[in-house]
Amino acid sequence: MLDLNRKVLFDQSLERLKAQLYELAEFNETPEHGITRIVYTNRDLAAKHYVKEYMKEIGLEVSEDVMGNIFGKLPGSNSDLPPVWSGSHLDAPLNSGMFDGIVGVLGAIEALRLIKESGLKHERDLVAVIFVSEEPTRFGMGCLGSRAMTNQLSSEDLVKLKDKDGISLYEAMKRANYRPDKLEQVRIKQGEIGMFVELHIEQGPVLETNQKEIGIVNVIAAPTEVKLTIKGEQRHAGSTPMNLRKDPMPAAAEILLTLETWAKDSTKAHTVFTVGDLKVFPGASNVIPNEVVMTIDSRDADGENKEKFMALLNEVIQAVCAKRGVSYELEVKTHDQPAQADSLITNTIKKVCEELKMDHQVLASGAYHDSMIMSKIVPFGMIFIPSRDGISHDAREWTEFKQVASGVQVLTNTLYQLANEGVGSNE
Ligand code: GLV
Ligand code: MN
Ligand code: MN
């Protein structure tokens, strides 16, 4: 057990993390309106530079792949063993908060710093990682870095995925001086990483409600992200009788309400459904629109229920559009599978919480994380810390710095124990 319980160490961590969280919050495209940090923009690149410099300063071996995923390694005494990774993301969706993702990045680096400074022996290499674009804000698909690492993002995807200005992911990578033509170099083979642990804010109300300091994730609900375009006929809003319209807007509304009702009636605990973006063209009050484009984000921790939702989605869209005489195009951007956390890692986190006398509970993650994608190639575990009022993806997102430091304390001890896992005593 690493003696991070000592108040002086805890207080030092807290002050460092607080300063770094505020400093990173300065890399922001929307000051006064929450945090916005979109992948491959100047601010995103500057934030990454800031963190890379800090990693170097504290003596981590820093590298970056051809896509911009960043690694800070603290070598162990036996680098032949598969390393333990920990990290998260630095990008932030529109007008959001300063903790989502960032806590997992800074927390991993702080943990490595504390382990290094403790002078205690650890066998496996420990690696702090920053994944490219966990948020889907720019290209409509989240977890781009971890998808590329795990062979779930192809060279064709790089060309196909476009931002709102029509710039492809391929082009955006090139403009940021990365190498989309060398995507295969980003891939990581099964077995190359031993374990992955991600620290994150909960982004929901469970821990605060139950007055727990730490959450231990057992499953991550997986998203299905869809872009639906409904096409009708543009006409005069005053002179076109109701029975002679091909209006895509009521079709969108009917689809939305039918799917929302299904999700509300689901008996599964983690079925959710959201339409977070809807655009109407041409977008004038006295014009029947010719096109509606909407996003559909649905999540479930139950794989079978996800498939039921997909079948219903197709059925409802087809029936509603046929009935209303409009046509549609459906693009399924992601259809991920729920990920189960690894029992060895979750048991280690639990043991650490007990050793540190921290109130904890097991819970599911409704939000997705790079862990979900990484689970394809590596066993993972996640540590959650509370979110005030359960708010996230909003400027009011908040976690007390003391709670951040507590999460880092759990992470540090977990990483230290896992770095010695299966290779003899870790006392
Ligand atoms: C990740 O940010 C998510 O939308 O769950
Ligand atoms: Mn997020
Ligand atoms: Mn996140």
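A word on conventions first. Residues are numbered from 1 along each chain as its sequence is written, chains are lettered from A and ligands numbered from 1 in the order in which they are written. Because the model is predicted, local features need pLDDT of at least 70 and side-chain atom pairs count only at pLDDT 80 or more, while totals for chains, interfaces and linings use all residues; side-chain values use heavy atoms, with hydrogens and water left out.

Let me begin with the metals. Donors here are N, O and S atoms within 2.8 Å of the metal (3.2 Å for Na, K and Ca), and since water is not among the atoms, sites may look incomplete. Helices (H or I, at least four residues) and strands (E, at least two) are DSSP runs, numbered from the N terminus. His-89 and His-200 are both buried, where buried means under 20% relative accessible area, exposed over 50%, and partly exposed in between (1.4 Å probe, protein chains only).

Which residue bridges the two manganese ions, ligand 2 and ligand 3? Asp-100 does, and the ions lie 3.6 Å apart. The manganese ion (ligand 2) is coordinated by Asp-100 (OD), Glu-135 (OE) and His-393 (NE2), at 2.0 to 2.1 Å. Glu-135 sits in the loop between strand S6 (126-131) and helix H4 (144-149), and His-393 in the loop between strand S18 (380-385) and helix H12 (401-419), so the pair ties together parts that are 258 residues apart in sequence. Glu-135 is buried, at 3% relative accessible area, whereas His-393 is partly exposed, at 44%.

I turn now to the largest pocket. On a 1 Å grid over the protein atoms alone, a pocket is an open set of points where a 1.4 Å probe fits, with protein on both sides within 12 Å along at least five of seven lines; lining residues have an atom within 4 Å of a point. The largest pocket holds about 1,800 Å³ of space, a volume being the space filled by probe spheres set on grid points that are joined across faces, edges and corners. Its lining has 47 residues, with Pro-136, Thr-137, Gly-140, Asp-277 and Thr-295 nearest the centre. Strand S14 (291-300) is one of the elements that give two or more residues to this lining, and S14 provides the largest share, six residues.

Finally, some backbone details. The peptide bond from Phe-281 to Pro-282 is cis, with omega near 0°. Asn-95, in strand S5, has a positive phi of about 50° although it is not a glycine. Cys-143 also is not a glycine, and has a positive phi of about 60°; Cys-143 is buried, with a relative accessible area of 0%.
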